[in-house]
Amino acid sequence: MLSKLHTGVFARTGRAMLMAGAALALTMTGANAETLRWARVADALTLDPHSQNEGPTSTLLHHIYETLVGRATDGTLQPRLATEWMISAEDPTVWVFKLREGVKFHDGADFTAEDVVFSLDRARADSSGFKALHSAVESVSMVDDYTVHVKMAGPSPLYVQNLTNTFIMDKGWAEANDVVLPQNFAAGEENFAVRNTNGTGPYTLVSRDPEVRTVMAAFGGHWDATPAVTEIIYTPIAEAATRVAALLSGEVDVVQDVPVQDIARLQQTDGIKIATGPENRNIFFSYDMTSDKLISANVDDNPFKKPEVREALSLVIDRDAIQQVVMRGQSQPSAAPLPPFVNGWTAEMNAYGKPDYERAAALVAEAGYPDGFSVDLHCPNDRYLNDEAICQAMVGMLGRAKINANLVSQSRSLHFPLIEKWETDFYLLGWGVPTFDSAYIFNFLVHTREGSFGSFNGSRYSNPELDAKIEALATMTDLEARDAMIAEIWDKVMEDRVFLNVHNQMLAYAMKDNINLDVHPENQPKMTTVTFGN
Amino acid sequence: MNRLARMWDSDIAWSFRHSPVAIVATVVALIIIMGAVLAPWVAPFNPFDSASLNLMDGFTPPGVPNQFTGNTYLMGTDNQGRDIFSTILYGARISLFVGFAAVVFSMVLGIGLGLLAGWRGGWVDSLLMRIADVQLSFPSILIALLIFGVARGFIPPTMREEVAIWVLIVSIGLSDWVQYARVVRGAAMVEKSKEYVQAARVIGVHPTRIVLRHILPNVMGPVLVIATIGLALAIIAEATLSFLGVGVPPTQPSLGTLIRIGQQYLFSGEWWIILFPSIALLLLALSVNLLGDWLRDALNPRLR
């Protein structure tokens, strides 16, 4: 009863304050207290900065903690706690980070090099979700208060790209609160850092009710300019329709994860606007182009092994129709199997022609299948935007070239193992590229499957010459020669038609129309970038 | 002729002629069944032939020309450009086939086990009825989901799509046999102690023959009533499974699949994708259910 009374009183005072705020805003625009209510599909799993490498968790933590380098909305790296970073002139295996001076943690402690050393060590602990990103690190050492050296096992020119989600915490605070090691999330462990924070970020944690509500307020002692949003109320809403309804009813100000079919309706709604932008993720089909016989086909050989059939596939796909109808405009059709953000992308790779069904059917006949053939097409139905609908559309298009595809669409937990275990002949996959470099794609999708390479190489593609080039990329320090090597590899991959790319996914955020927020390529919007006004 | 006349004069036919609900329900059910059976000749398009679909026809509103292709469809099209009217006819085919087959499956299984339990009694009866009790304590859709999931695990991945529909039938059938078994067992126990059965036993008729020729015909009345209502339930169970995305393949939509597709577009204003299939499912299930109700009343001497 008492608590209910309290909430009532608070709500009333809150409303009074809001009205006062609105009145103030009218009289003296700018530099006012602005609250932003933000909803998305899921909550952060934990607030421990090194426990979980997962989208919603990192997105929320970016407001409280900071990283050495940040990722701008155009995909480029930008200085954050590090002001400069370079490979040491004396030793190509050492990365040098110059740190920002005068930065304070939320509890008033100074930010220095020992905090960076501590945090990078913590991020490499066994219970850390980020250890794979730092696997090439041998040791981290402090040179002076504002310089850190990271010694790598070998030359690692792209290591800095791995740092965009590795947060820096205060060594003294962590030791005082017994959180020197990250929370072991899988073991169900809890620690002080799961619900309490002490970062250098632009917002401090005010209150947190997991899965319900998290409140953050602007940190007065932050090194950067004070953001327009001074208070954030973060609410996870799992159900898509409820999330959209919350925005329509004015309960929240910004909604992330808007379903594509609701975008048009939201755009027509007064007072609501939509920001769209490309995600750093492409969606493509691939096929077993190496085995002598397919698992599910009704013919005794492997049609995908024949270049004519692979060419026919590239002629049946109508990317524009998929974009207009299935994706309602929310995609960038492309023949290049990598998003434009990624180093190695070119406009030539991106270009594609109109579908030509007659030519495609002729090619299939030429390859030795005058009556066509049938094969299973595997597709996830809960992973990418409208994934099952894309596959259904593809089945229809394949049918026009006498390729009879049986669609098997299932949950991602059943779909992905088929690719990893080589149990599918023909499948849909989406690939995000967190390092923004082609090498990440080559390592997982193009290199022959052996050791840590090729785990998602479902095409069984194997080219020893390319493998050698891919392995060389990891330690090349001459970036011009490296880019030329990447281009060579792509030329061969495109010539062999290893991938049949569909499009790059687009993200959409919906918000009240006096709010400006750009879409972030990794779906990690920062509320510090929000501005108000039209 | 004589026989037809006798049928016309029978109690059942009299009751039917005097029940407007039964007549309307029969007409509606027959229209849907005929439409489904004759779908290849009645439907303007074949929605299961993926190659004939044009994606650009997707999301056409009913009776309004498509903005890209200019084609017009009576009930509009779904997200893949399938004509909703044709898809309902073809979808009802799948729904009805699964419904009938599941009912026949559970009826045969239920009658068999019910007769066995009722005739043999003792531990056979106890065992079968305890299994039935356990199964009755779970919702039947849960059991169907469980059986469907387990069965898929055993079937090699390459065969799954071809046998999906049969797995669906077995799942729904297995989740529903208990109703038949309990009714048949009760009736069989009553009949077993009657004098004509005793007489048959005395003159040395084989037990199998007694069960099949003497007891079975006397328990069929209630079984037919359950089967009719069970048909409606099986159609709804199939729609539920397909709605949950575990039923028939997406390229061969049943009514439940269409409703699943449609509910994604409710908020964005494409109401026709969910509305027409829902109405079709409602009419089909309601008319079959009403027929079952009427049959139960007509066969129940106490209500006459």
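Biologist: Which residues have the most contacts inside the largest nonpolar core?
Modeller: Keep in mind that this is a predicted model. A:V364, A:L377, A:I390 and A:M394 have the most contacts in that core, which has 145 residues.

Biologist: Take A:M394, then. What does A:M394 touch, leaving out residues up to four places away in sequence?
Modeller: Its partners are A:F285, A:I317 and A:L377. There's also a second, separate core, with 81 residues, and that one includes B:L96, B:A102, B:M107 and B:I235.

Biologist: What's the mean pLDDT of chain A?
Modeller: It's 88, and 94% of the residues of chain A reach 70 or more. Residues 1-31 of chain A are below 50, though, and beyond near neighbours in sequence that stretch has four contacts in the model.

Biologist: And how should I read coordinates where pLDDT is low?
Modeller: Not in detail, where the confidence is low.

Biologist: OK, on to the interface. How many residues of chain A are in contact with chain B?
Modeller: 27 residues of chain A, and they meet 22 residues of chain B. On the chain A side, the elements giving two or more residues are helix 6 (240-248), helix 7 (260-268), helix 9 (319-326), helix 12 (387-399) and strand 17 (403-410).

Biologist: Which of them gives the largest share?
Modeller: Helix 12 of chain A, with seven residues. By type, the chain A side of the contact has 12 nonpolar, eight polar and seven charged residues.

Biologist: You mentioned helix 7 of chain A. Which of its residues are buried?
Modeller: A:V260, A:Q261, A:D262, A:I263 and A:L266. The buried residues of helix 7 pack against helix 6, strand 14 (272-287) and strand 19 (499-512), again in chain A.

Biologist: What does strand 14 of chain A do with strand 18 of chain A, run parallel or antiparallel?
Modeller: Antiparallel, with seven bridges joining the two. In one spot, A:R281 stands opposite A:G432 of strand 18.

Biologist: Is strand 18 of chain A mostly covered or uncovered?
Modeller: Mostly covered: strand 18 spans residues 426-432 of chain A, and five of its seven residues are buried.

Biologist: Switching topic, what about the open sheet with four strands in chain A? What's the strand order?
Modeller: The order is 5-6-8-7, and the pairing is antiparallel. Strand 5 (82-87) and strand 7 (137-144) are the edge strands, each pairing on one side only. From one strand to the next, the twist averages 20 degrees.

Biologist: How many bridges join strand 6 to strand 8 of chain A?
Modeller: Five, between residues 94-99 and residues 147-152. A:W95 stands opposite A:V150 there.

Biologist: Which helix packs on that sheet?
Modeller: Helix 3 of chain A, residues 113-122, which touches strand 6, strand 7 and strand 8. The direction of helix 3 makes about 170 degrees with that of strand 7.

Biologist: Last stop, chain B. How many helices and strands does chain B have?
Modeller: 13 helices and zero strands. Along its principal axes, the C-alpha trace of chain B spans about 80 × 50 × 30 Å.

Biologist: And how much of chain B counts as buried?
Modeller: 44% of its 304 residues. As for contacts in chain B with a separation of 6 or more, 68% of them are between residues 24 or more positions apart.

Methods: Residues numbered from 1 in each chain as written. Chains lettered and ligands numbered in written order. Predicted model: local features only at pLDDT ≥ 70, side-chain atom pairs only at ≥ 80, totals over all residues. Core = buried A, V, L, I, M, F, W, Y, C linked by C-beta atoms within 7 Å. Buried ≥ 20, exposed ≤ 12 C-beta atoms within 10 Å, placed from the backbone. Contact = placed C-beta atoms within 7 Å. pLDDT = per-residue confidence, 0-100. Nonpolar A, V, L, I, M, F, W, Y, C, P; charged D, E, K, R; others polar. Pairing = 2+ DSSP bridges. Axes fitted to C-alpha atoms, helices over the stretch in contact; angles between N-to-C directions.
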